[in-house]
Amino acid sequence: MLLFLDTADLEEIENGLDWGMVDGVTTNPSLIAKQGKSYLPTVKAIAEMVPGPVSGEVLATDREGMIDQGRRLADLAENVVVKVPLTPEGLVAVRTLTEEEIETNVTLCFSPAQAMLAAKAGATYISPFVGRLDDISEDGMGLIEDIVSMTDNYGFDTQVLVASVRHPQHIVQSVQLGAHVATLPFKILAQLYEHPLTTSGLDRFLADWQATGRSFDD
Ligand code: G3P
């Protein structure tokens with residue numbers, strides 16, 4: 001199970017890498033806009049920091065534009081994965097980029113049918129947005145279950161990348177369902193470490209030893 005950070009914030013990425021749990025990073029135009037910095041230099045800076053895959057999204061919506069921007073993103077660094085929206089034009093671009101051995105991440109997936117089309121186009125990753133489905137009272141993790149069984153049934157190489165993660169339970173369920181990757185905001189990565197019994201247990205251990213009046217060395 002790979003964990004990617006869903007952010008364009010360099011400080012968050014630095015912290016996540018320091019904890020040794022971050023296998024890659026995903027960005028999108030909204031996340032980069034939030035940083036108030038230029039687009040391509042931000043993707044490049046992230047790709048230089050992170051040893052694993054870094055998704056940078058195209059801004060064009062026509063196939064020629066997406067292919068051109070995809071090539072330019074891929075030229076930034078070897079680990080850049082080109083993120084392409086799930087549209088007919090986007091999947092044509094994915095086919096061309098795949099033929100050129102450029103890795104792709106098909107984003108904005110909300111149905112098993114869309115995921116099947118992305119897998120047929122040769123996407124390296126398919127990104128179903130679970131949180132946004134939950135937000136409209138649909139079953140985000142049910143979609144993951146459907147897509148994982150589809151990729152298993154047909155032996156697609158496309159990896160299921162759980163996106164739009166809102167809470168730790170999305171990660172737990174992703175593991176149970178056998179998703180290949182989940183991308184999560186830094187706040188949720190930090191929450192994965194937390195349990196009240198860990199906190200209170202550690203407080204008790206330290207207090208008990210402190211009460212003896214002795215130190216680590218005596
Ligand atoms: O990066 C795509 C996805 O993870 C966005 O998440 O929280 O904006 O729905 P969210």
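## A walk around the ligand pocket

Start with D6: an N or O atom of its side chain is 2.5 Å from an oxygen atom of the ligand, a polar contact (a pair of N or O atoms within 3.5 Å). Before you click on, note that this is a predicted model, where local features need pLDDT of at least 70 and side-chain atom pairs pLDDT 80 or more, while totals for chains, interfaces and linings use all residues. Numbering runs from 1 along each chain as its sequence is written, and side-chain values use heavy atoms, with hydrogens and water left out.

Next, select R132, which has a polar side-chain atom 2.7 Å from a ligand oxygen. K83 also puts a polar side-chain atom by a ligand oxygen, at 3.3 Å. On its own the ligand has 310 Å² of accessible area, and the protein covers 81% of that (Shrake-Rupley method, 1.4 Å probe).

Now show everything around the ligand: D6, N28, K83, F129, R132, A163, S164 and R166, each with a heavy atom within 4 Å of it. Colour that shell by class and you get four charged, two polar and two nonpolar residues (Asp, Glu, Lys and Arg count as charged; Ala, Val, Leu, Ile, Met, Phe, Trp, Tyr, Cys and Pro as nonpolar; the others, Gly among them, as polar).

Zoom out to the largest pocket, where the ligand sits: more than half of its atoms lie within 2 Å of the pocket's grid points. A pocket here is an open set of points on a 1 Å grid over the protein atoms alone, where a 1.4 Å probe fits, with protein on both sides within 12 Å along at least five of seven lines; lining residues have an atom within 4 Å of a point. About 370 Å³ of space lies inside, the volume filled by probe spheres set on the points. Of its 25 lining residues, D6, T7, N28, L31 and P185 are closest to the centre.

Finish on helix 2 (29-35), which gives the most to that lining, with four residues.

Notes
Polar contact = N/O pair within 3.5 Å; in protein donor to acceptor, adjacent residues only side chain to side chain. Helix = DSSP H or I, 4+ residues; strand = E, 2+ residues; numbered from the N terminus.
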